[in-house]
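Here is a set of questions and answers on how structural terms are assigned. Each answer sets a value against its definition.

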Amino acid sequence: MELRIDRVSKQYKNKIAVDRLSATLHAGVTGLLGANGAGKTTLMRMICGVLTPTSGEITYNGVPVSEERYRSVLGYLPQEFGCYPEFSGRDFLLYFAALKGMPRNEAEIRSEELLETVGLADVSKKRVRTYSGGMKQRLGIAQALLNRPQVLILDEPTAGLDPMERVRFRELIGEIGKSSIVLLSTHIVSDVEHIADHILMMKNGQLLWQGEWKESDGSLEEFYLREFRE
Amino acid sequence: MTTEAKNRELLLLFFEPDEKPDPAKKEAFLKNVMTGQITRATKMTLHRMLLIQVKYIRKTAWLAALMILLIAALITKGNPDSVLQIAALTPLLAFVTEIETRRSYAYGMAELEMTTAFSLRSIRYARFMILGLFDMAVLAGISLLIRKYVAMSVLLTLAHLLLPFLLTMTGALLLERTAFGRSHPYGSGVLALLISAGTGFLLLPAGPLAMSLNKTLIMQGYAWILEIAAVLMLITVIALFCTNVKQETEMTTLWS
Amino acid sequence: MSFDISMQYDRLYRYCYYHTYNRILAQDIVQEAFTRYMERYGSLNEKNAVPYLYVIARNLCIDHYRRQGTQAEKYLQEQTYEQEQTIGLTESEDNTLITKLSVQRALSRLSEEERELLLLISVNEVSAREAGMILGISRFAVYRRLRLAQKHLRTELGKEGIDGDY
C-alpha cells in the first residue's frame with residue numbers, strides 16, 4: 001500500500017498553491033498540518049483526483065489517481081459539502097453507496113452499520129438539512145467509510161465536533177489506520193498528536209517538515225510553533 | 001427467548017471457536033473483496049448507473065415534459081398556429097432538463113461525487129441521456145399525436161418542436177463554459193425565455209414575425225431546412241455536452 | 001435476501017474452525033473460499049452464494065484432512081477424554097463451563113452428519129434448501145435428518161443432566 005506524491009505542483013494564474021511537493025504515504029495515520037491557505041486542501045484534492053496537478057504525478061500502488069480503479073478504494077471527506085435538500089441521512093449514505101458501486105442489499109447493511117458507528121442511527125430518517133454541523137460532519141465521515149477505503153482522505157474532519165465526538169473520532173481513525181492509508185489535515189495540533197504516526201507540515205504550498213512522530217518526541221504543538229516561527 | 005434461540009445458544013457453547021479470526025487480516029481481506037466487487041460491477045453496469053439516476057431525477061423534471069404533452073393535447077384542435085405555440089414552450093423544457101443535470105453543483109455535492117467510482121461525469125451523462133431522450137420522446141409523441149390537426153408532416157412538426165429545444169440547450173451549454181454561466185445557473189432560464197419569445201409566444205411582437213417566416217419557408221418548399229437544422233443542432237448539443245463534461249471532471253479555478 | 005459479507009465471513013470461519021481447529025488454516029480457507037467464489041461468479045448477491053461458499057470451504061477442509069479423518073472427531077475424542085479425567089476438580093466452577101463440557105460430551109455421541117446439520121442450520125442459520133445443496137441431499141432429507149439430529153441431541157443432553165425446552 002503506497003501512495004506516492006511525486007514533485008507535485010499546482011499553479012493558478014497569480015498564485016502557487018502547492019510547490020513541488022513530494023511525499024510517500026503508507027498504511028497508518030498521517031497528519032497534515034498547516035495554517036489555512038497553506039495548500040492542504042489543494043494537495044488533498046489532487047490526491048483524490050479531483051484536481052489535476054500543474055506538474056508532477058500522484059500514484060497509488062502504481063495506479064494514477066485519475067483512474068476509476070483508484071476511486072473505488074478511495075474515501076474522501078471534503079472540508080465542506082452540501083446535500084440535496086430532500087435527502088435524509090440514510091438517503092445520503094445510500095446514494096453514495098450506489099455511486100460507489102455497492103449492491104443495494106450490501107449498501108443498506110453497511111449504511112446501518114456506519115450510522116451506528118458515528119452515532120446517527122436515531123436521526124437517520126431525518127433530513128440532513130436539519131442536522132447540526134457536528135452531525136453533518138459525522139455523516140460525511142460515514143460516507144467516506146462506505147466502501148472500506150484503502151486510502152482515506154479527511155480534510156479538517158474534526159471541525160465542528162465536540163470534545164466527546166473528537167475522542168470517538170480519534171478511536172475510529174486509529175482503528176482504520178491499522179490497515180489503510182489515512183491522511184487527515186487539520187490546523188489543530190492536538191487532534192493529530194496522539195493518533196498520527198507520521199506528520200507532514202505545510203507552509204505556503206511547500207513541505208516544511210515531514211517525519212515520524214512518537215509520543216516520546218514531546219509536544220508536537222511546541223515543535224510546530226517553533227518551525228513556523230521562521 | 002424462543003426455543004430456537006435457546007437451542008442455538010446451547011450449541012454455540014460447543015461450536016463457537018475459542019480462537020477468533022484475526023481482525024486485521026479480516027478487514028484487509030474484506031476491503032479487497034469490496035474492490036473486487038466494484039471492478040466487476042462497474043464493467044457490467046452502465047445500465048445500472050442509468051437505473052440509479054432515474055431514481056434520483058426529481059419528479060418535476062419528468063412532469064415538465066408531460067405538462068407540455070398535456071398542453072399540446074388541449075390547444076391543438078382547431079388552432080392553426082398550435083405547432084409554433086407548443087414549440088415556444090420547449091425552451092422551458094430544455095431549461096428544466098439542463099438544470100436537472102447540474103443539480104450536483106447547485107447543492108455542493110459535486111466535489112464528493114467526483115471521487116466516487118461512478119463519478120460526476122457519468123452521473124451527468126446518465127441524467128442527460130435519460131432526460132434528454134425522455135424529452136425528445138415526448139416531443140416525438142406530441143408530433144405524432146397532433147398530425148391529424150396540422151398541415152405538416154410528422155417530421156416537420158418534430159423539427160419545429162426540436163429546434164427551440166435544442167437551441168436553448170446549446171445556449172445553456174455554451175453559457176456553462178463561461179465563468180458568468182457557472183456562477184449564475186439560472187442564467188439559462190433567461191435564455192430559455194428569450195428563445196421562447198422568439199419562437200412565437202403570441203403576446204410578444206416577435207411572435208407574428210416568426211410565424212410569417214415559418215409560413216414563408218414552408219410555402220416555398222424549403223421546409224427541409226428546418227429538418228436539417230434540427231439534426232445539426234442535435235449533433236451540436238451532444239458534442240458540446242461531451243466537451244463540457246470532459247472539462248468539468250475536475251474542479252475549475254473559479255469554482256473552488 | 002441480503003448478503004452481509006462480514007457476518008458470512010464469521011459464520012464460515014466458525015464452520016472451518018470446527019473442521020480444522022486451527023485458526024490460521026480456518027481463516028485462510030475462508031478467504032480462499034471467497035476468492036474462488038468471486039473468481040467464478042463475480043457477485044456475492046447471487047441466490048446460491050452462501051451454499052457455494054460452504055461447498056468450496058468444505059472441500060478445502062477435506063483436502064487438508066483427507067487421511068486423518070475430520071479434525072473435529074479427533075478433537076472431540078481427545079477433549080472428552082481429558083475432561084473426564086478432570087471433571088471432579090472443576091465441578092465447583094462456573095456453570096457455563098460445566099454446561100459447555102456437557103454439551104461437548106453430548107455432541108460427541110452424535111454422528112458427524114448430525115453435528116454438521118446442527119452447525120449449518122441451527123447455528124449458522126443456513127436454510128434447509130441450502131444445506132441440501134451443501135451436503136448433496138434433498139431438502140426433505142435435510143428436514144428429516146435435522147429433526148432426528150435434534151431429537152438425538154435432546155436425548156444425549158438429557159443423559160448429561162440438561163433438560164428443558166430448547
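Q: What is the bridge partner of A:L33 in β8(A)?
A: In β8(A), A:L33 has A:T186 as its bridge partner. The model is predicted: local features need pLDDT of at least 70, side-chain atom pairs count only at pLDDT 80 or more, and totals for chains, interfaces and linings use all residues. Residues are numbered from 1 along each chain as its sequence is written, chains are lettered from A and ligands numbered from 1 in the order in which they are written, and side-chain values use heavy atoms, with hydrogens and water left out.

Q: What makes β3 and β8 of chain A paired strands?
A: Two strands pair if DSSP finds at least two bridges between them. Strand β3 (residues 28–33) and strand β8 (residues 181–186) of chain A are joined by six bridges, so they pair. They run parallel. Strands here are DSSP runs of E, at least two residues, and helices are runs of H or I, at least four, both numbered from the N terminus.

Q: Why are β6 and β10 of chain A called edge strands?
A: The open sheet has six strands in the order β6-β7-β8-β3-β9-β10 (chain A), with mixed pairing. β6 (74–77) and β10 (206–212) of chain A each pair on one side only.

Q: What packs on this sheet in chain A?
A: Helix α1 (residues 40–47) of chain A does, touching β3, β6, β7 (151–155), β8 and β9 (198–203) of chain A. Its direction makes about 155 degrees with that of β8(A). Angles run from 0 to 180 degrees between N-to-C directions, with axes fitted to C-alpha atoms, for helices over the stretch in contact. Helix α5 (residues 133–145) of chain A also packs on the sheet, touching β6 and β7 of chain A.

Q: Why is the pair A:R45 and B:E111 called a salt bridge?
A: The rule asks for a side-chain nitrogen of Lys or Arg within 4 Å of a carboxyl oxygen of Asp or Glu. The side chains of A:R45 and B:E111 meet at 2.8 Å, N to O, so the pair qualifies. Across the interface of chain B and chain A the rule finds three salt bridges.

Q: How do you know that chain B and chain A are in contact?
A: Contact means heavy atoms within 4.5 Å. The contact takes 37 residues from chain B and 42 residues from chain A. The buried area, which is the accessible area (1.4 Å probe) that two parts lose on being put together, summed over both, is about 3,600 Å². Carbon and sulfur atoms give 59% of that area. In chain B, B:K31, B:L112 and B:T115 lose the most area to chain A.

Q: Which salt bridges join chain B to chain C?
A: The rule finds four across this interface. One of them is C:D10 with B:K26, the closest N and O atoms being 3.0 Å apart. Another pairs B:E16 with C:R14 at 2.8 Å. That pair runs from the loop between α1 and α2 of chain B to helix α1 (residues 5–20) of chain C.

Q: How much area is buried between chain B and chain C?
A: About 3,200 Å² is buried, and carbon and sulfur atoms give 64% of it. Here 25 residues of chain B are in contact with 41 residues of chain C.
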